[in-house]
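Please keep the sequence and the structure in view while reading.

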Amino acid sequence: MTAITTLLLPSFVSTSSGHRDSGSRSVGFSELNQCELAVVIDVLRATSVIVTALNADARGVTTCRSIDEARALADSLHTEAVLCGERNCQKVEGFDLGNSPQEYSRDVIAGKQIILTTTNGTQAIEAMNQVPELVIASFLNLSTVIKKIASVRTACIVCAGTNGKVTSEDVLLAGAMISQLKTRDQSIVMDDASNISALIWESFQGEDVASLPPPEQLAARLRETQGGQNLCHLGYEKDLLYCSQIDSCSILPRRIGKSPTQFG
Ligand code: MLT
């Protein structure tokens, strides 16, 4: 049996007891410490990029909070580092790649060390430093992540959001995972945020909860989200279709090092 907590934003982690005077519920550090596994989501597009990069045989992905940290790390490596990332969805000046997963093709990144910093996704990763195990989720590796969650007793699903606001593309993926887990195991324990996420996914999916939507249908839904709108305005609409290819790969990016955070 798995107990699932969902954070609709990483900032819902509280440094106090976990219960605010206002009555709104947050997850405290001690509660988070009891969590075996953190599952970080930034569908558009940081976690889709990490999954894509490792699936295309990048040697590893290192995530950094700041642009300066990423630059310094790339300079210090002297190896095949590729400096990647965005601010406000646009490639950082002087970086090799931006944050479109379609830039991360095998011929560009195989065997290379990716150094990645993004506006929200890499911050959400850092916010989960105290959780013993961390994996990366996207629609691209949905079933693999679900299997991983089902194998632990306690999991915390973390939605990156956008600039401190909850975004429905991340909540939809959290809901897809929770909804599938519920179908397999009725004894699963969920908090309210997990229930809300599952309801959002199920209302999109309609009656056929067992089947998963084709990419075009999911991309059309992602277009309605805040993250989707931002990307469309900047000409990245094709990334929505790419990030909607459910189970196009089976890779599970795992945190293999901290300070800086490394994935393999
Ligand atoms: C982020 O981390 O904020 C996003 O991945 C932004 C983006 O889509 O480029």
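In this predicted model, the charged end of Arg-45 sits over the ring of Tyr-236, 4.5 Å from the centre of that ring. Arg-45 belongs to the loop between strand S4 (37–41) and helix H2 (46–55). The peptide bond that leads from Leu-44 to Arg-45 is cis, and its omega is near 5°.

## The surroundings of the ligand

Which residues are found around the ligand? They are Asp-42, Leu-44, Arg-45, Ala-46, Glu-86, Cys-89, Asn-99, Thr-118, Thr-119, Asn-120, Gly-121 and Leu-231. For Leu-44, Arg-45 and Ala-46, the table gives the distance to an oxygen atom of the ligand.

| Residue | Atom of the residue | Distance to a ligand oxygen atom |
|---|---|---|
| Leu-44 | backbone N or O | 3.2 Å |
| Arg-45 | polar side-chain atom | 2.7 Å |
| Ala-46 | backbone N or O | 3.0 Å |

Asn-99, another of the residues around the ligand, is placed in the loop between strand S7 (90–91) and helix H4 (106–109). Is Asn-99 buried or exposed? Its relative accessibility is 5%, and therefore Asn-99 counts as buried; the limit for this class is under 20%. When neighbours within four places in sequence are left aside, Asn-99 is in contact with Arg-45, Ala-46, Val-49, Gly-85, Glu-86, Tyr-104, Leu-116 and Thr-118.

Cys-89 is also listed around the ligand. Its position is in the loop between strand S6 (81–87) and S7. Although Cys-89 is not a glycine, its phi is positive, at about 75°.

## Other backbone features in loops

Asp-57 likewise has a positive phi, near 70°, in a residue other than glycine. Asp-57 is located in the loop between H2 and strand S5 (60–63). With a relative accessibility of 46%, Asp-57 counts as partly exposed.

A cis peptide bond is found from Ser-259 to Pro-260, with omega near 0°. Pro-260 lies in the loop between strand S12 (255–257) and strand S13 (261–263).

## Helices H6 and H7

Helix H6 covers residues 142–150, and its buried residues are Leu-142, Thr-144, Val-145, Ile-146, Lys-148 and Ile-149. These buried residues pack against strand S1 (3–7), S4, strand S9 (133–137), strand S10 (154–159) and H7.

Helix H7 comprises the 17 residues 168–184. From its first C-alpha to its last, H7 reaches 24 Å, which is close to the 24 Å expected at 1.5 Å a residue. How many of the residues of H7 are buried? The number is 13 of the 17, so H7 is largely enclosed by the rest of the structure.

The buried residues of H8 are Ala-193, Ser-194, Ser-197, Ala-198, Trp-201, Glu-202, Phe-204 and Gln-205. They pack against S1, H7, S11 and helix H9 (215–223). Just after H8, Gly-206 has a positive phi of about 80°.

A search of the whole structure finds two aromatic pairs. In the pair formed by Trp-201 and Phe-204, the ring centres are 5.3 Å apart and the planes stand at 65°, so this pair is edge-to-face; an angle over 60 degrees is required for that description. Trp-201 and Phe-204 are three residues apart in H8 (residues 192–205), so about one helical turn separates them. An α-helix has 3.6 residues a turn, and therefore residues three or four places apart point the same way. Trp-201 and Phe-204 are both buried, and together with Phe-139 they form one aromatic cluster.

## Strand S11

Val-189 lies in strand S11, which covers residues 189–190. Its relative accessibility of 39% makes Val-189 partly exposed. Apart from neighbours within four places in sequence, Val-189 is in contact with Met-1, Thr-2, Ala-3 and Ile-4. Val-189 and Arg-153 are 36 residues apart along the chain, and 9.9 Å separates their C-alpha atoms.

Note on methods
Residues numbered from 1 in each chain as written. Heavy atoms only, no water. Helix = DSSP H or I, 4+ residues; strand = E, 2+ residues; numbered from the N terminus. Buried < 20%, exposed > 50% of the residue type's maximum accessible area, 1.4 Å probe, protein only. Contact = heavy atoms within 4.5 Å. Phe/Tyr/Trp six-rings, centres within 6.5 Å; stacked < 30°, edge-to-face > 60°. Lys NZ or Arg CZ within 6 Å of the ring centre and 35° of its normal. Expected span 1.5 Å × (residues − 1). Near = heavy atom within 4 Å. Polar contact = N/O pair within 3.5 Å; in protein donor to acceptor, adjacent residues only side chain to side chain.
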